[in-house]
Amino acid sequence: MTNAGKATARLGEWVARLDVAELPGPVLDRLSLVLLDVMGVTALGADQDETRTLCSAWNAPGGPAPLIGGGRCVSVDAAAWLNAVALVCLELDEGNKYAKGHPAAHGFPAVLALAGELDASGRDTAAALIAAYEVASRFGRASRLRPGAHPHGSWGVAGAAAGCARLLRLGPDAVAAAIDTGAGLPVAGHFASATDGNPVRNAWMGASNMSGLVAARMASVGVARNTGTAALSLGTLLGEFDASELTVGLGDRWDITRGYFKRHASCSFTHPAADAVLGLRAGLDTSRITRILVETHALGAGLASAEWDNRLSAMFSTPFAVAAALLDGEVGPRASLDGPALRALARRVRLTEAGDLTARLPDERAARVTVELDDGTARTREVPNPVGDADHHPLDERHVLAMLKGWLPGREDLIERAAALSRELPGLDHVGERLRALAGDDTEEPN
């Protein structure tokens, strides 16, 4: 067996035996917070016109899985896909700098949809969510995608497959086969689709969750094998793959505790610059700004366009994020996309890579911002990571709840239900009814 196959087999053994009763308290605490964020941000995404229109066009049949915040329950496959799209459409989903992307978004929607269908125990559901996150993160660490490739829907499919396989309580060999099958179902998406504002970028996460379900189902009936295909799909075709990363610190290192939550509705690479200008904003007359120099690392240096024509392309523009933060005091999910002051200020932003900041990756995703004024003076501020990173001003449940309630006025009851479920999950005998309650007040009974 190849090195990738052997490492995947070890992951299969670990996932099949994963029991939340044996996990450290901080890991379960962080799972609770990540789950709350996932459910709340999904409900926020479901409230967007484009998501409602997509759900309507999908015409999914009624079923056992909630469209979180969407007012109804549908089939498992539809819920996995549509909830994933809602989760990522506003660029507010939790992420992990070591995985280089978003492990939770790759698999949590599929696991939650399947848990609703199975009416699984909270203990199994929590184990499946941990498996989905940790396996996805390990595949993210192991993958070095080709320049220009977007991480959505590629390395994380293996995590979705792992979580669904754990929820189905498959044995070690079958779990490994599911993980390997998921690794063989990546999307090859280009980063320019995001900067160009093409919503296909959101659909890549729907595909990841759907493919995770497919992989687990194939493994459950013996129509899957572990051949170490990740080395070919994620390696030979899409970049490079280091199989040894799949098992480093397995059972001792928990990547879920090292992620970040987002307070800006924009790509995480824009956050340090937005945070920096917020620190410079007090007493600043924006009409006197002649130039804003943003120095960043290599990963974020491509988000330099000061032109955007929809919310997605704006969310991948550092000039937009900086201008919005300066003018509004935040980069909110309902931030204005237009206006002469916003456009003019964004055009004064210059983005450049700084070698000293690139050298700090992956532990820091830093930015250094210098605001130059018309009297020749300048203000500079540097931040090492976005606010909300586990290593820099981490957010706790109080912060996450405040953000979610601020973004979803009038839906406090839904957010409180999500918070209660996230706290109580490991001790629940069954989760189906509690999950379906997250659809909202108009929830339909499953067929």
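A helix crossing is called left-handed if the near helix is turned anticlockwise from the far one by less than a right angle, and right-handed if clockwise. This is a predicted model, in which local features need pLDDT of at least 70 and side-chain atom pairs pLDDT 80 or more, while totals for chains, interfaces and linings use all residues. Residues are numbered from 1 along each chain as its sequence is written, and side-chain values use heavy atoms, without hydrogens or water.

Q: Which hand does the crossing of helix 1 and helix 6 have?
A: The crossing of helix 1 and helix 6 is right-handed. Here a helix is a DSSP run of H or I with at least four residues, a strand a run of E with at least two, both numbered from the N terminus. Helix 1 covers residues 3-16, and helix 6 covers 122-142.

Q: What makes helix 1 and helix 6 roughly parallel or roughly antiparallel to each other?
A: Helix 1 and helix 6 pack at about 165°, their axes 11 Å apart. Angles run from 0 to 180 degrees between the N-to-C directions of lines fitted to C-alpha atoms over the stretch in contact. Under 35 degrees counts as roughly parallel, over 145 as roughly antiparallel, 65 to 115 as roughly perpendicular, and the rest as oblique. Helix 1 and helix 6 are therefore roughly antiparallel.

Q: How do you know whether E91 is buried or exposed?
A: Look at its relative accessible area: buried means under 20%, exposed over 50%, and partly exposed in between, using a 1.4 Å probe and protein chains only. E91 has 2%, so E91 is buried. This residue sits in the loop between helix 4 (76-88) and helix 5 (103-118), and its phi is positive, near 55°.

Q: Which residues are closest to the centre of the largest pocket?
A: The largest pocket has a volume of about 830 Å³. Of the 37 residues lining this pocket, K100, A149, P151, F269 and L299 are closest to its centre. Strand 3 gives the largest share of the lining, 3 residues. Helix 6, strand 3 (143-145) and strand 4 (239-241) each supply at least two. A pocket is an open set of points on a 1 Å grid over the protein atoms alone, with protein on both sides within 12 Å along at least five of seven lines; lining residues have an atom within 4 Å of a point. Points join across faces, edges and corners, and the volume is the space filled by probe spheres set on them.

Terms used. On a 1 Å grid over the protein atoms alone, a cavity is a set of points where a 1.4 Å probe fits but cannot get out, and a pocket is an open set with protein on both sides within 12 Å along at least five of seven lines; lining residues have an atom within 4 Å of a point.
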